[in-house]
There are 2 protein chains.
Amino acid sequence: MPASVVEDFGNGRSGLEGARLLAGGTAGPSVLRPLIAEVLDSLAEGAGERCGPLPRGGPSAVARRVRALVPDALPESGTGPVPALRTLVRLLAEGAADPADPLCAAHLHCPPLAVAVAADLAASALNPSMDSWDQAPAASELEAVTCAALAGLVYGPGGAADALMTTGGTESNQLGVLLSRERHGPGVRVVCGENAHHSVRRAAWLLGLAAPLTVPAPRGVLNPGALARALEAAGARPSEPGRYLVVATAGTTDAGDLDPLPAIATVARRYGAQLHVDAAYGGPLLFSDLLRERLAGVEQADSVTLDLHKLGWQPVAAGLFAVPDGAALRPLDHRADYLNAGDDSEAGIPDLLGRSLRTTRRPDVLKTAVTLRALGRRGMADLVERTCAAAECLADLVAADPEFELRSLPTLSTVVFRPAGAGDGTVAGIRRGLLTEGSAVLGRASLDGRLWLKATLLNPHVQPSDLSALLKLVRDAAGTHGTGQPHDTGWWEGPAPR
Amino acid sequence: MPASVVEDFGNGRSGLEGARLLAGGTAGPSVLRPLIAEVLDSLAEGAGERCGPLPRGGPSAVARRVRALVPDALPESGTGPVPALRTLVRLLAEGAADPADPLCAAHLHCPPLAVAVAADLAASALNPSMDSWDQAPAASELEAVTCAALAGLVYGPGGAADALMTTGGTESNQLGVLLSRERHGPGVRVVCGENAHHSVRRAAWLLGLAAPLTVPAPRGVLNPGALARALEAAGARPSEPGRYLVVATAGTTDAGDLDPLPAIATVARRYGAQLHVDAAYGGPLLFSDLLRERLAGVEQADSVTLDLHKLGWQPVAAGLFAVPDGAALRPLDHRADYLNAGDDSEAGIPDLLGRSLRTTRRPDVLKTAVTLRALGRRGMADLVERTCAAAECLADLVAADPEFELRSLPTLSTVVFRPAGAGDGTVAGIRRGLLTEGSAVLGRASLDGRLWLKATLLNPHVQPSDLSALLKLVRDAAGTHGTGQPHDTGWWEGPAPR
């Protein structure tokens with residue numbers, strides 16, 4: 001970067017002084033170094049201060065703490081970088097629900113790998129924007145090769161398969177529904193199980209389509225027979241293909257269950273329906289030689305959702321939307337003269353605008369590319385297998401304990417259970433009580449007409465002793481607060497925050 | 001984090017060894033430290049290797065380099081974290097179009113502030129997800145106070161104004177059109193100038209609406225008289241309010257021009273039309289006492305797009321979507337039992353799902369909150385003013401040079417110009433030639449029926465000498481390659497890449 005110090009616009013500060021504010025260029029890393037040291041110290045201090053998986057005291061205590069430290073989010077004058085980082089990074093760490101803590105196991109909310117987090121820093125510092133080649137020369141090419149490799153994981157390597165980076169399963173599912181609409185017009189009808197992710201319904205709404213035809217899924221998975229009956233009743237037939245889009249789920253949010261993909265693909269084909277598979281959660285089983293057969297059939301889908309910020313240990317966002325042939329993405333092509341003029345494209349400048357519905361776009365691919373290079377497919381498989389094994393261990397502990405009821409053996413890494421004999425209100429109260437105490441973050445799932453506790457394990461390094469500790473917390477909470485008392489949410493108003 | 005080393009699932013590695021892979025918890029920062037040292041070294045080395053604003057040789061050379069270093073993006077075995085970071089971060093830096101280089105001035109692609117980049121690291125490491133309180137206790141509250149403050153910048157402080165964090169102007173514009181559709185049904189028609197951002201048209205398409213009614217804008221801004229005539233001709237009337245949504249632009253991508261907002265607001269009101277203002281580029285003028293009057297009228301809009309990854313120096317993404325009253329966001333409310341069950345909401349757990357169309361969502365607010373605290377409103381104003389002053393300086397240099405033609409004085413920080421007498425083909429060729437040489441990144445704009453070079457200045461520390469150097473590069477390129485030769489794109493096939 002030319003370092004001219006001749007004169008300056010504005011307030012007379014020298015350009016070199018000013019340039020110390022920026023993260024980029026050859027000078028950026030030395031500007032970043034002390035600031036990042038402050039961030040790392042503040043992260044460690046904040047985590048130490050928290051002393052558990054999340055802060056004590058519940059939402060009101062956290063809100064008070066934030067508002068006390070940030071009485072004015074847009075002050076007239078600034079504190080300078082280091083004090084601002086110290087205060088707010090500490091606050092964020094102290095007030096985090098940290099997925100790296102084994103007792104934080106509610107959601108598909110993974111503890112990110114350090115290597116991915118470190119790589120992501122480079123994305124922030126260089127700030128490539130993925131909407132035109134001249135904002136992201138190497139980043140856009142790295143995205144192309146990484147997306148092709150990941151699409152090959154789904155559809156087999158070496159073919160025409162391609163994938164787009166997305167903000168997550170919600171955007172990927174939306175793309176699946178959108179491409180279906182563009183192939184077959186706005187009359188296309190989504191057909192999904194009751195167990196499908198809420199984003200499927202939201203996508204239909206957003207895109208101006210009729211609400212999905214929902215097939216009851218009393219056992220938590222989409223039954224192929226029930227799907228066939230629903231398509232039959234709706235008048236679907238192979239002579240009029242494409243009027244319906246079946247959305248199947250490989251890894252439900254509530255229980256980690258897998259819809260039977262081969263049979264669903266057969267039914268979809270028989271009725272001339274398109275097929276999208278939401279494998280946001282279960283997709284990374286494809287890394288594993290041991291587990292990938294559970295995803296058999298996914299390669300028959302017209303499009304697939306897969307998230308690497310779930311069973312892929314990436315910081316958010318690392319969503320993927322895969323198709324068997326990149327040509328299927330053409331409805332997303334879009335022209336904006338300043339970004340992809342025709343003569344520029346003819347001259348060989350890659351056109352990136354059709355690779356997202358966004359325009360400006362962060363190179364989320366970098367962290368994933370670095371992770372895949374660092375760990376390899378086998379390293380990813382190892383993490384997936386260890387995580388699924390941890391869920392089996394937790395299920396065994398639950399099943400062996402007469403104080404608990406296990407809903408079913410885990411399919412992925414989710415364990416659904418409840419204190420034996422507890423009413424729904426008690427279950428909800430236990431969860432909220434643990435949240436308020438700051439002692440554990442557990443999820444909830446409404447299944448089989450009852451409310452359950454849900455442990456979604458995503459920490460590949462969780463130990464059996466951690467799982468025992470988690471169960472002890474639930475057992476103690478259930479013991480203290482009794483069972484069978486519906487709607488005992490008064491517990492929420494418990495001890496005063498520190 | 002409990003550090004049990006009792007036994008392990010999987011391949012016999014100890015849990016503590018394994019835990020060294022994760023970025024979170026109290027141990028995370030020390031795991032991150034050496035990896036981040038490698039990233040910073042690689043960033044510096046890559047930038048040094050690049051020796052300019054972007055790599056030499058154009059797309060084919062960059063693609064060859066990437067494919068040589070990444071022959072297999074999903075290898076069977078990994079290299080481990082440090083070698084993977086070294087290779088790919090260096091590659092990304094070496095192959096970046098670095099907006100911190102003063103000769104990188106094509107797009108609304110800002111050089112991020114080091115303080116924002118450092119803060120963003122904490123977001124990656126802690127990985128809060130903004131779709132439920134129990135994944136982001138402090139982060140969600142910090143978002144609430146920061147968004148309210150930024151909405152107050154648009155609509156005045158202390159009121160009911162609120163803002164959502166978005167992935168950028170494209171998503172914000174989409175939200176503006178979506179809320180209009182939800183208020184008034186799918187018959188709503190978008191009316192915008194020819195100068196509106198391409199995402200407005202794309203939003204209408206995505207949401208299943210008719211294509212926008214486009215008002216000619218031969219001077220690059222939306223003329224209120226022409227808008228009134230278009231609304232009149234379309235049959236808009238105040239007795240049937242809401243059938244039309246006028247979209248105005250405060251800062252066009254091509255020239256940084258501002259539509260006359262007060263007059264447009266008056267016209268919209270007279271015809272009972274809703275008003276959305278896309279101030280993705282110009283919005284941050286509101287930080288400045290000197291410049292904010294140029295945005296007068298923006299507070300009359302039903303919704304406003306504003307990006308802090310443009311004139312706000314944030315790494316992508318830092319989009320905002322502001323409304324005068326948070327109640328206007330209610331159509332985005334959404335229920336998913338596992339994230340915002342009714343009894344949890346009643347018990348006081350904040351419901352975050354209506355704050356985005358995404359589900360899983362990175363806390364992009366952190367970097368912005370830290371930046372605002374570090375710099376204050378006045379510090380942001382200073383950066384905005386310096387950047388606009390730099391554009392005035394460049395325009396002066398262009399105007400004083402008979403070899404150049406200046407299109408008009410800059411309104412924000414974009415300067416549109418061309419070598420005097422050059423044909424469109426030459427202009428396009430000059431731009432591509434500079435890109436291929438790796439010497440400068442300039443944009444292009446089709447305005448007044450001709451093709452222009454566009455310098456979008458976003459580096460607040462650019463010096464007059466940098467701007468002179470930029471003009472010299474263009475002058476030399478124009479001299480070497482002649483003028484008036486239409487479509488001389490053969491230059492593209494120029495010197496072999498290094």
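Author: Happy to. Keep in mind that this is a predicted model. Let's begin with two side chains: A:Phe404 and A:Phe417 are both buried.

Reader: Fine, and how do I read two aromatic rings together?

Author: A pair of aromatic rings is described by the distance of the centres and the angle of the planes. Across all chains, two such pairs turn up. For A:Phe404 and A:Phe417, the ring centres are 5.6 Å apart and the planes stand at 80 degrees, so this pair is edge-to-face. A:Phe404 belongs to strand S9 of chain A and A:Phe417 to strand S10 of chain A, so the pair ties together parts 13 residues apart in sequence.

Reader: And what about B:Phe404 and B:Phe417?

Author: B:Phe404 and B:Phe417 make an edge-to-face aromatic pair, with 5.6 Å from centre to centre and 80 degrees between the planes. B:Phe404 sits in strand S9 of chain B and B:Phe417 in strand S10 of chain B, 13 residues apart.

Reader: Is B:Phe404 buried or exposed?

Author: Its relative accessibility is 8%, so B:Phe404 counts as buried. B:Phe417 is buried too, with a relative accessible area of 0%.

Reader: You mentioned strands. In what order do the five strands of the open sheet run?

Author: In chain A the order is S1-S11-S12-S10-S9, and the pairing is mixed. Strands S1 (104-105) and S9 (404-406) of chain A are the edges, each pairing on one side only. Inside the sheet, S11 (residues 441-447) and S12 (residues 450-456) of chain A pair antiparallel over five bridges. There you'll find A:Ser446 opposite A:Leu451 of S12(A).

Reader: Which helix packs on the sheet?

Author: That's helix H14 (residues 424-437) of chain A, which touches S10, S11 and S12 of chain A. The direction of H14 makes about 35 degrees with that of S12(A).

Reader: What about a charge over a ring?

Author: Look for the charged end of a side chain above the face of an aromatic ring. A:Arg418 lies over the face of A:Trp452, 5.5 Å from the ring centre. There's a case between chains as well: the charged end of B:Arg181 is over the ring of A:Trp205, at 5.7 Å from its centre.

Reader: Now helices. How do I read two of them packed together?

Author: Two packed helices are described by the angle between their axes and the distance between the axes. Take helix H2 (residues 28-50) of chain A and helix H5 (residues 114-126) of chain B: their axes come within 9 Å and cross at roughly 35 degrees. The crossing of H2(A) and H5(B) is right-handed. Residues making the contact include A:Leu35, A:Val39 and A:Leu43 of H2(A), and B:Ala118, B:Leu121 and B:Ala125 of H5(B).

Reader: Which residues does B:Thr360 contact, leaving aside its neighbours within four places in sequence?

Author: Among them are A:Thr167, A:His309 and A:Lys310, together with B:Ser129 and B:Asp131. B:Thr360 is found in the loop between helix H12 (342-346) and helix H13 (365-399) of chain B. At 14% relative accessibility, B:Thr360 counts as buried.

Key: Residues numbered from 1 in each chain as written. Chains lettered and ligands numbered in written order. Predicted model: local features only at pLDDT ≥ 70, side-chain atom pairs only at ≥ 80, totals over all residues. Heavy atoms only, no water. Pairing = 2+ DSSP bridges. Helix = DSSP H or I, 4+ residues; strand = E, 2+ residues; numbered from the N terminus. Contact = heavy atoms within 4.5 Å. Axes fitted to C-alpha atoms, helices over the stretch in contact; angles between N-to-C directions. Phe/Tyr/Trp six-rings, centres within 6.5 Å; stacked < 30°, edge-to-face > 60°. Buried < 20%, exposed > 50% of the residue type's maximum accessible area, 1.4 Å probe, protein only. Lys NZ or Arg CZ within 6 Å of the ring centre and 35° of its normal. Left-handed = near helix turned anticlockwise from the far one by under 90°.
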